[in-house]
Amino acid sequence: MNSMQCYSPNTLDEYQKIYSGIAEKNILVFSGGTDLMIGRHELSQDAIIIDISGIAELKGVEKKENKIFIGSCTTLNELLYSHKIQNDIPILIKAIKTMASEQIRNRATIGGNIGNASPAGDTITPLVVLEASIQIYSPESNEVKTIPLEALFSGPCASTLQNGEIITKIIIPLFEDKDIFCYFRKIGQRNAMTITKASLSAIAKYSDSKIEWIKLAPGSVSPVVKRMSKTEEFLQGKKLTPAVINESKEIIGKEISPITDIRSTKAFRVLITKNLLADCLSELINRH
Amino acid sequence: MNIDLIVNGKPVSVEVEPLDRLLDILRDKFDLTGTKEGCGEGECGACTVFMNNKLVNSCLVPAMHLQNANVVTIDGLRDFDFFKLISKAYEENGAVQCGFCTPGFVMSTIDLLRKKSEKSIGDEEIKDAFAGNICRCTGYEKIIKAVRQLFTMNIKVPERFYE
Ligand SMILES: Cc1cc2nc3c(=O)[nH]c(=O)nc-3n(C[C@H](O)[C@H](O)[C@H](O)COP(=O)(O)OP(=O)(O)OC[C@H]3O[C@@H](n4cnc5c(N)ncnc54)[C@H](O)[C@@H]3O)c2cc1C
Ligand code: FES
Ligand code: FES
């Protein structure tokens, strides 16, 4: 491997200065490296690495005005052991517990999971049902903008981030109502350390034996993670009878657009997504 | 680039490329060959070490993250009393066959022992702790048995090493 240029700024200010000094804006943002190290031999030799993992402003969890702010360079294990996240965002804990291993979770960051933009990224579906937004810092304009997380993804493993732009924070609005049902389940090759073949994140409010509202985001079954608005609308206000559950399975089966790849076939992904929805709804009934 | 770090308690300085792997630095520059390369992709755990007191895959740690880091490898833990007890429990339970995965499993075992003070542990918890370690010989049952035994022994593992 030839010598690659690399910078390790400690502040966003330094990041901006480094960025301004680079003529060819061929920048590779590097965080925990658990995705990037695996493909390190395929990285362009003239890419300029900017390692953001040492930027203190990008680390940690903060609660302000009924919102949780997560720094993008916070590791998955830091989130798993954060009391704020445990109490306020249990669905994210459920998802992170299924991710990788202790070794990986000590290094992998939430910003990297989002930045990778994989439809199998396990933090993405919980954040999408929570209607999270992300802050993006542009070193070009030296400004921060906030966009809905869903708007970041433009295709499988493709994001709308411009060269040099980095995700700085993930912002999650909290519910006043603490009685919210949440569900995360993923199906892979095996239980531990598995890449998602299909998954489902859901949050819902259930009262008087009816679904007041439900938000659904399946993983690995569309080019980008998105909400299942047709299925959500269908379920809204309904009693969960066997007929309603069956019909909702048909609707979600049509709403997703999975592909066949090395991990699974399209038909199997449709089947598991339908069954995950049925599992989620029966858990919802049993909880109440 | 030149980096300064601490490996098994010794301050060292080494010339590296930014994306060189910690695994290669340990094995090739410091001859710490107890740490193994299995998959090179974060799956098998044979390369597991402590970095800043956290369990990591050394095959995924780039050199540029090592400035001032504190790295502890299996070779640096051999002389501790708890290590001898772990090694004995692995041997007695037949948890070592070809032995290639063993350094990684032992590192994960150490991490588990120092995090949990209770005297008993459920199999699910042991399996979770080993999610990042693969063994192709033993079928895992013998390793799990060794760990269960270790938990009954009230072993003292320090919270930090060489700090
Ligand atoms: C063995 C193994 C098991 C895994 N298991 C899972 C799993 O179960 N579920 C799952 O979802 N993932 C899994 N992963 C994938 C990976 O660990 C996660 O995607 C991780 O969160 C990536 O974070 P990172 O900090 O390591 O990212 P990096 O490798 O540093 O970066 C990943 C990508 O994101 C970009 N990026 C990083 N930070 C930012 C930022 N702040 N702003 C903009 N772009 C950014 C980088 O440019 C790069 O394109 C696994 C990986 C391995 C090796
Ligand atoms: S060699 Fe590092 S995890 Fe397999
Ligand atoms: S003993 Fe051979 S791989 Fe585990």
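**View 1. Polar contacts hold our attention around ligand 1.** A polar side-chain atom of A:Asp35 sits 2.7 Å from an oxygen atom of ligand 1. A nitrogen atom of ligand 1 has a polar side-chain atom of A:Asp122 at 2.7 Å, and an oxygen atom of the ligand lies 3.1 Å from a backbone N or O atom of A:Ala100. Taken alone, ligand 1 exposes 990 Å², of which the protein buries 91%. Polar contacts here are pairs of N or O atoms within 3.5 Å; within protein, one atom must be able to donate a hydrogen and the other to accept it, and residues adjacent in sequence count only if both atoms are side-chain atoms. Accessible areas come from the Shrake-Rupley method with a 1.4 Å probe, and for residues only the protein chains shown count as cover.

A note on the model: this is a predicted structure, in which local features need pLDDT of at least 70 and side-chain atom pairs count only at pLDDT 80 or more, while totals for chains, interfaces and linings use all residues. Residues are numbered from 1 along each chain as its sequence is written, chains are lettered from A and ligands numbered from 1 in the order in which they are written, and side-chain values use heavy atoms, leaving out hydrogens and water.

**View 2. The shell around ligand 1.** Ligand 1 has 33 residues around it, and A:Val29, A:Thr34, A:Asp35, A:Thr109 and A:Asp122 come nearest; a residue counts as near if one of its heavy atoms lies within 4 Å. Chains A and B both contribute surrounding residues, so the site is shared between chains. In chain A, β2 (27-30), α6 (110-115) and β10 (166-173) each supply at least two residues of the shell, with α6(A) giving the most, four residues. Helices (H or I, at least four residues) and strands (E, at least two) are DSSP runs numbered from the N terminus. The shell divides into 14 nonpolar, 14 polar and five charged residues. Nonpolar covers Ala, Val, Leu, Ile, Met, Phe, Trp, Tyr, Cys and Pro, charged covers Asp, Glu, Lys and Arg, and the others, Gly among them, are polar.

**View 3. Two helices of chain B.** Helix α3 (residues 102-115) of chain B has 14 residues and should span 20 Å at 1.5 Å a residue, which agrees with its end C-alpha atoms being 20 Å apart; the expected span is 1.5 Å times one less than the number of residues. Of those 14 residues, 13 are buried, so α3(B) is largely enclosed by the rest of the structure. Buried means under 20% relative accessible area, exposed over 50%, and partly exposed in between (1.4 Å probe, protein chains only). In helix α2 (residues 81-92) of chain B you will find B:Phe82, buried at 3% relative accessibility.

**View 4. A:Ser282 in its helix.** A:Ser282 belongs to helix α10 (residues 266-287) of chain A. Its side chain reaches the backbone oxygen of A:Asp279 at 3.2 Å, and A:Ser282 is partly exposed, with a relative accessible area of 30%.

**View 5. Positive phi in two loops of chain A.** Most residues other than glycine have a negative phi. A:Asn66, not a glycine, has a positive phi of about 60 degrees; A:Asn66 lies in the loop between β4 (61-64) and β5 (67-71) of chain A and is partly exposed at 31%. A:Ser209 has a positive phi near 60 degrees, lies in the loop between β12 (198-207) and β13 (210-219) of chain A, and is partly exposed at 41% relative accessibility.
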